Amino acid sequence: MSVRVVAALTAGFLALVACSAEEPKQEQKASTIKIFAQQNADQHLSKSPFTKRLEQKLGVTLTFETTTWDSASAKEKRQISLASGDLPDVYMLIPWVDGFTQSELIRLGKQGVVVPLNDLIDKYAPNVKKTLDSIPDFKRLATAPDGKIYGMPQWNDCFHCSYAAKLWMNSAWLKKLGLKQPTTPDELREVLQAFKTKDPNGNGKADEIPMSASTANPLLPYLMNAFIYDPQGSPDYGSTLAVNAGKVQLQPMQPGWREGLRYIAGLYKDGLIDQAAFTQNGDAMKAKGDKAGAAIVGSATVMHPAQLVTIGQKDRRDRDYDAVAPLTGPSGTQYATYTLPSQPGGTFVITSKASEATQIAAIKMLDYIFTEEGHRYGEFGEEGVGWEKASPGDVALDESLKPSFKTLTQPEGVEGGWGPAAQYNSTKEFRNAQVASTHIYDQAGYERRLFKATELYAGKEPKDQIFPVWHIKIAPEQAGELATLQTNIDNYVNQSSLQFVTGQKNINDDAAWQAFLDGLNGLGVTRYLQIQQKAYDAL
């Protein structure tokens with residue numbers, strides 16, 4: 001063979017190799033995404049029409065490992081899942097049930113348990129990227145101090161969620177007893193005493209529970225706000241930090257906290273507070289609200305009444321509960337707890353268990369949820385079943401906005417969307433353009449009912465005292481230390497507060513109170529405040 005022929009063949013072979021090398025690598029397709037998620041008692045995520053829609057859109061099968069909406073059990077099951085090593089591909093959580101904290105994500109990111117989302121978002125999630133770029137506070141929530149996004153939080157610009165520590169009271173009982181809504185702690189005591197002793201439900205039994213609460217809807221914040229600002233909006237925002245003239249302080253160490261505990265302990269001693277209020281979960285409390293026969297719960301510290309009673313009951317008891325404005329305490333204090341409704345940390349998290357193809361499919365799933373179409377189908381289910389487009393004459397929740405769509409009552413036995421698990425891009429415009437009936441006690445007017453109730457609380461938060469925990473960034477090297485300090489201090493505060501309220505410790509005993517303060521010092525509260533102060537000063 002001539003040299004010329006060999007050279008030609010060699011050149012042709014090299015060109016073929018080069019051409020093959022330049023061909024783009026075909027993207028591998030995922031077949032299954034295993035999701036750890038929380039579902040309500042009447043939900044079956046595996047049967048949701050939105051699940052089917054996503055499967056068709058992505059060409060994958062979605063499987064679910066589920067837990068409940070009870071915060072304590074949901075958190076426990078998630079931690080067991082992490083510890084077991086048998087990870088799902090994706091955690092998809094609801095922030096007010098349970099989610100990953102920023103400190104957890106940083107630690108798990110360093111351990112290689114969770115996958116940073118930055119590159120996936122840049123390459124495969126244009127809707128997520130656009131949203132983060134257009135809402136700086138959202139991007140700020142999502143981004144860790146090292147610049148990485150280890151988990152995506154939800155952006156839920158929910159007005160009524162911003163003021164979670166409300167009191168809802170049975171107005172029918174007040175009317176029957178000839179009473180008005182209380183405006184002070186002393187008036188509240190009188191109302192609760194009447195609820196306990198004057199048979200307001202009319203069944204001839206002493207079965208009334210004057211005031212209830214649950215671990216998901218804590219009792220203390222609403223009552224404490226008549227004495228001192230209590231920043232605890234929910235178990236997710238359980239911090240008791242506040243700011244005093246630029247200095248970060250722990251509210252339970254202040255005299256006003258003791259005064260609040262003294263008042264609450266008096267209510268408990270007189271049998272005016274449900275004995276299970278500090279230990280029962282939300283389902284147990286709601287079972288009392290829904291108890292067959294005459295209603296037995298006079299009031300409860302819940303964000304909204306559907307957490308206490310099922311909306312739309314035949315006996316219409318759900319219409320009897322109205323929000324009570326913040327009480328004015330003996331020194332004129334009248335505070336409302338404010339928290340940013342969108343929480344830092346992450347509820348959408350991809351784990352290292354997911355293959356590259358599965359990671360791409362998962363981020364594309366999230367990207368669809370970020371679209372308005374995906375959001376509607378994701379949260380509310382199918383058009384014509386869970387929601388429909390606005391009609392002429394409809395009124396938006398914010399009456400200055402053009403109405404967009406209205407939600408429908410889901411038929412019994414029909415699966416809906418993913419509900420709050422799909423609220424990733426719930427902007428103020430999206431939420432407030434929804435149609436809401438002007439009849440606030442109808443199911444169709446429920447959102448407007450909450451909106452109007454929240455107006456009783458809005459503006460009563462002491463802006464100069466708010467410690468914006470949602471914007472605090474902790475250096476990665478301090479995250480572990482802070483997490484330990486915060487867990488120990490928060491648990492100790494909660495346990496000690498419960499002991500003082502229930503009489504296990506005497507709130508009037510100066511030695512017992514000093515022992516409580518000494519216990520905080522022993523847990524490192526000085527160091528805890530030092531770290532938080534540095535982070536606050538850096539804002």
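A salt bridge here is a side-chain nitrogen of Lys or Arg within 4 Å of a carboxyl oxygen of Asp or Glu. Keep that cut-off handy, and remember that this is a predicted model.

**Exercise 1.** Work out whether the side chains of arginine 78 and aspartate 98 meet in a salt bridge, and say where the two residues sit.

*Solution.* Start with the distance: N to O, the two side chains are 2.6 Å apart. The cut-off is 4 Å, so the pair counts as a salt bridge. Next, find the residues: arginine 78 is in helix α3, while aspartate 98 is in the loop between β3 and α4. They are 20 residues apart, so this pair links distant parts of the chain. Finally, check the surroundings. Buried means under 20% relative accessible area. Arginine 78 has 0%, so it is buried, and aspartate 98, with 5%, is buried too.

**Exercise 2.** Explain why glutamate 372 and arginine 376 are separated by about one helical turn.

*Solution.* Look at the numbering first: both residues are in helix α14 (residues 372–380). They are four residues apart there, which means about one helical turn lies between them. The two form a salt bridge, with 2.8 Å between the closest N and O atoms. As for accessibility, glutamate 372 is partly exposed at 43%, but arginine 376 is buried at 12%.

**Exercise 3.** Find the order of the four strands in the open sheet, and name the edge strands.

*Solution.* Read across the sheet: the order is β2-β1-β3-β10, with mixed pairing. The edges are β2 (61–67) and β10 (348–350), each pairing on one side only. Zoom in on β1 (residues 32–38): seven bridges join it to β2, and the two run parallel. In one of these bridges, isoleucine 35 has phenylalanine 64 of β2 as its partner.

**Exercise 4.** Which residues have pLDDT under 50?

*Solution.* Begin with the chain average, a pLDDT of 92. Then look at residues 1–24: pLDDT stays under 50 there.

Key. Residues numbered from 1 in each chain as written. Predicted model: local features only at pLDDT ≥ 70, side-chain atom pairs only at ≥ 80, totals over all residues. Heavy atoms only, no water. Pairing = 2+ DSSP bridges. pLDDT = per-residue confidence, 0-100. Contact = heavy atoms within 4.5 Å. Buried < 20%, exposed > 50% of the residue type's maximum accessible area, 1.4 Å probe, protein only.
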